[in-house]
Amino acid sequence: MAADDDGPDTAGGASGGGDGDLLRAPLVIEYPFNRTTGPVVGAFVTALRNRTVLGIRAADGRVVCPPVEYDPQTGAPLHELVEVSDTGTITSWSWVDRIREGQPVQSPHALALIRLDGADTAMLHVVDAPGPEAVSTGARVRIRWADEPTGAITDIACFELDGGAS
Amino acid sequence: MSSEPDRSISTMPDGLWTQPTPSVPVDLGDDPVRRQVVPASMRYDYTPGLATTRFLRGLAEKRFLGERCPQTGDVYIPPRGVSPVSGLRTTEQVEVGPKATITSFCVVHIGFGVNAPPTPFVSALFLPDGAAVSLYGTMGEVPHDQVRIGMRVEPVWVDDDQLTTSMENIRYWRPIDEPDVPAEQLKGHM
Amino acid sequence: MRDVAIVSVAQGEHRRAAGELNEVEMVEPILREALDGVGVTIADIDFTCSGSSDYLAGQAFSFVMTLDAVGAWPPIVESHVEMDGAWALYEAWLKIQTGAADTAFVYSYSKASPGDLPRVMSRMLDPYYVGPLWPDSIAYAGLQARAMLDAGITSERRMAEVAYRNRESARSNPNAQVVGSPSVDELLAAPMLSDPLRLHDCPPISDGGVAVVLAAGDRARDLVERPAWIRGIDHRIDSHQIGARDLTSAPSVALAAQHAGVDGAFDVAEVHAPFTHQEQLVLDGLGLADGVDVNPSGGALAANPMMAAGLIRLGEVANRIMDGSAGRGVAHATAGHLLQQNLVCVLEGGE
């Protein structure tokens with residue numbers, strides 16, 4: 001949660017002092033997580049593999065997407081998955097200039113909250129856009145599907161701007 | 001594809017960790033996703049600190065450099081800059097070993113990791129002469145059923161041109177021709 | 001309820017990278033200063049609780065190693081939270097409330113410099129829906145800033161004013177990392193770092209820590225002239241699903257403030273708002289009257305050691321009560337992304 005090394009205070013780092021050169025070594029830590037999905041997340045990512053998006057109906061009738069097992073407000077178990085659209089609206093966004101390993105689009109793009117048509121909550125994903133001036137809250141977007149789906153959120157390769165903004 | 005046996009959450013006792021089974025409006029096919037392999041890899045530029053740097057530089061010279069607790073006089077190795085007993089900063093470096101005594105050992109029949117020797121092998125704790133705590137390592141040049149607590153040993157180093165600032169400088173430890181240390185003398189170090 | 005007070009606070013000089021030190025070496029002088037400050041040793045402490053995260057330095061069970069700096073022998077009564085130290089303080093406060101302890105030692109720290117912190121921070125997000133996208137923490141915070149800008153409840157200028165005020169305040173904070181600020185107009189002329197956030201909207205990456213001694217009743221009065229009494233403390237959490245949250249308010253701040261007894265006049269407030277737009281959300285949630293001195297330390301915008309910046313806020317308020325410059329203060333700590341989880345503590349001088 002912080003500005004990076006181009007920050008206003010880049011001082012610090014190695015100060016060997018009288019103790020000789022500081023040793024450094026690259027350290028890579030890998031967590032090979034193998035997670036059970038449970039029935040709700042499992043249905044969602046299975047549907048993504050089939051290029052379909054599911055939400056779930058909350059106690060107050062709203063559709064939560066991506067779906068959750070329990071009502072975000074009341075904690076009541078939820079039962080009714082519903083299909084939502086592969087198009088939606090940006091509800092908030094920020095621009096990502098510095099690309100990091102693992103991010104779905106390996107060029108500058110928008111990180112965005114997207115409310116899919118038919119859903120009442122927003123999902124986080126990325127929007128492949130030419131620059132921040134092309135992106136706006138309220139803009140319409142459409143899913144670009146991954147060529148080789150695996151049953152994961154990354155089966156949505158990214159979103160792309162869908163014609164003109166609203 | 002994912003036909004391996006799966007302990008789904010719904011097999012937990014009723015009322016404990018049950019999850020609702022939702023109705024699904026689309027056909028999910030015969031092979032719904034039950035598991036996800038989600039690797040997370042992170043890269044760090046690790047620095048070991050002042051005291052551990054001194055220790056690692058000593059290893060490159062085949063020396064064990066511990067540091068002394070200013071309160072108890074005990075020498076800790078590998079040092080991390082403070083005495084784990086008093087919490088006080090250690091300032092005095094003390095060379096210990098390289099001769100050592102086995103304070104505990106284990107005959108390992110299951111190998112873990114790429115660096116593990118062929119099984120069975122003996123992993124052990126080696127108390128360098130003059131130190132208060134033991135270093136971890138493996139035994140060589142002795143049948144595993146002849147390893148014992150109190151056994152006197154010395155490190156076998158890699159060739160000089162292979163020395164780095166790493167514990168990997170020690171290939172293994174081997175017995176030396178000295179009488180065993182009685183267990184009561186190892187009290188407090190095991 | 002037992003009267004419990006903060007009686008000693010120490011924090012190191014926060015900096016971008018304490019590269020030459022390991023975590024134990026980094027925290028040792030801080031722990032020592034907090035204990036020495038009230039003339040106690042670890043043997044006088046009934047309960048020790050720390051806050052840290054192994055992910056930050058890439059050091060498994062790092063908190064076990066930093067216990068070396070406590071001098072945990074003979075074995076001490078000890079606990080740890082993978083949270084900001086403010087939550088470790090909460091656990092210690094509870095322990096004292098149970099009567100099982102009269103004194104407690106609380107510390108927290110991080111050495112985040114070895115890793116890519118904005119990337120590491122993504123690992124605390126939903127592992128199914130969000131984690132695989134690897135959103136960095138700055139762009140993630142930008143979603144909240146954009147929501148507030150779109151709603152018209154903040155502006156880029158107002159955010160820059162927050163940055164300017166905090167970093168100018170940090171001039172009087174000897175522990176601060178980012179001290180002083182260009183003018184608001186100069187800040188606004190800078191390019192975007194992660195639109196809508198500029199560099200000044202973001203906290204620095206800091207290595208550092210903080211340690212606090214708590215004591216109950218007469219024990220506190222014995223140790224210091226003016227204990228900083230904890231009059232109320234509470235913490236609340238909002239959903240981690242930011243798509244289901246209204247990002248333009250912080251209900252968990254308001255609830256925690258209500259349950260901590262935040263009302264009436266305060267001399268000082270220290271709020272843990274790592275990004276400029278968040279300060280306003282926290283202040284709105286606290287519902288403070290005008291005239292409160294907000295973040296005289298410079299807040300998290302001046303130094304933001306992960307896991308410690310929240311407990312530092314409590315320490316900064318306590319210091320002002322103990323030195324007599326404030327009579328009553330409120331401190332806030334946050335954890336998670338986008339003010340997801342919030343702790344509020346009311347501190348007072350007096351008997």
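Among contacts in chain A between residues at least 6 apart in sequence, what percentage join residues at least 24 apart?

1. The figure for chain A is 49%. The model discussed in these points is a predicted one. In chain A, 41% of the 166 residues count as buried.

2. Confidence in chain A comes next. The average pLDDT of chain A is 87, and 86% of the residues score at least 70. Residues 1-19 of chain A have a pLDDT below 50, although this stretch has 53 contacts in the model beyond near neighbours in sequence. Where pLDDT is low, the predicted coordinates should not be read in detail.

3. The secondary structure of chain A consists of one helix and nine strands. Read from the N terminus, the order of the elements is β-α-β-β-β-β-β-β-β-β.

4. Chain A meets chain B through 39 residues of chain A and 35 residues of chain B. On the side of chain A, the elements that give two or more residues are β1 (25-36), α1 (38-49) and β4 (81-84). Strand β1(A) supplies the largest share of that side, with twelve residues. By class, the side of chain A that touches chain B holds 21 nonpolar, ten polar and eight charged residues.

5. Chain A is also in contact with chain C, where 49 residues of chain A face 51 residues of chain C. Elements of chain C that give two or more residues to this contact are α5 (117-120), α6 (137-150) and β5 (192-194). Which of them gives the largest share of the side of chain C that touches chain A? Helix α6(C) does, with ten residues. The side of chain C divides into 33 nonpolar, ten polar and eight charged residues.

6. Chain C is assigned three domains: domain 1 (4-115 + 205-223), domain 2 (117-201) and domain 3 (228-348). Taken over C-alpha atoms, the centres of domain 1 and domain 2 of chain C are separated by 28 Å. Their contact draws twelve residues from domain 1 of chain C and six residues from domain 2 of chain C. On the domain 1 side, the classes are four nonpolar, five polar and three charged residues.

7. Two helix pairs in chain C deserve a look. In one pair, α4 (residues 85-97) and α13 (residues 309-322) of chain C have axes that come within 6 Å and cross at roughly 65°. The residues that make this contact are C:Gly85, C:Ala86 and C:Leu89 from α4(C), with C:Gly310, C:Leu311 and C:Leu314 from α13(C). By class, the contact of α4(C) with α13(C) has four nonpolar residues, two polar and no charged.

8. The other pair is α7 (residues 156-169) and α11 (residues 276-286) of chain C, whose axes lie 8 Å apart at an angle of about 90°. The residues of the contact of α7(C) with α11(C) are three nonpolar, two polar and one charged.

Terms used. Residues numbered from 1 in each chain as written. Chains lettered and ligands numbered in written order. Predicted model: local features only at pLDDT ≥ 70, side-chain atom pairs only at ≥ 80, totals over all residues. Axes fitted to C-alpha atoms, helices over the stretch in contact; angles between N-to-C directions. Helix = DSSP H or I, 4+ residues; strand = E, 2+ residues; numbered from the N terminus. Contact = placed C-beta atoms within 7 Å. Nonpolar A, V, L, I, M, F, W, Y, C, P; charged D, E, K, R; others polar. pLDDT = per-residue confidence, 0-100. Buried ≥ 20, exposed ≤ 12 C-beta atoms within 10 Å, placed from the backbone. Domains from an automatic or database assignment.
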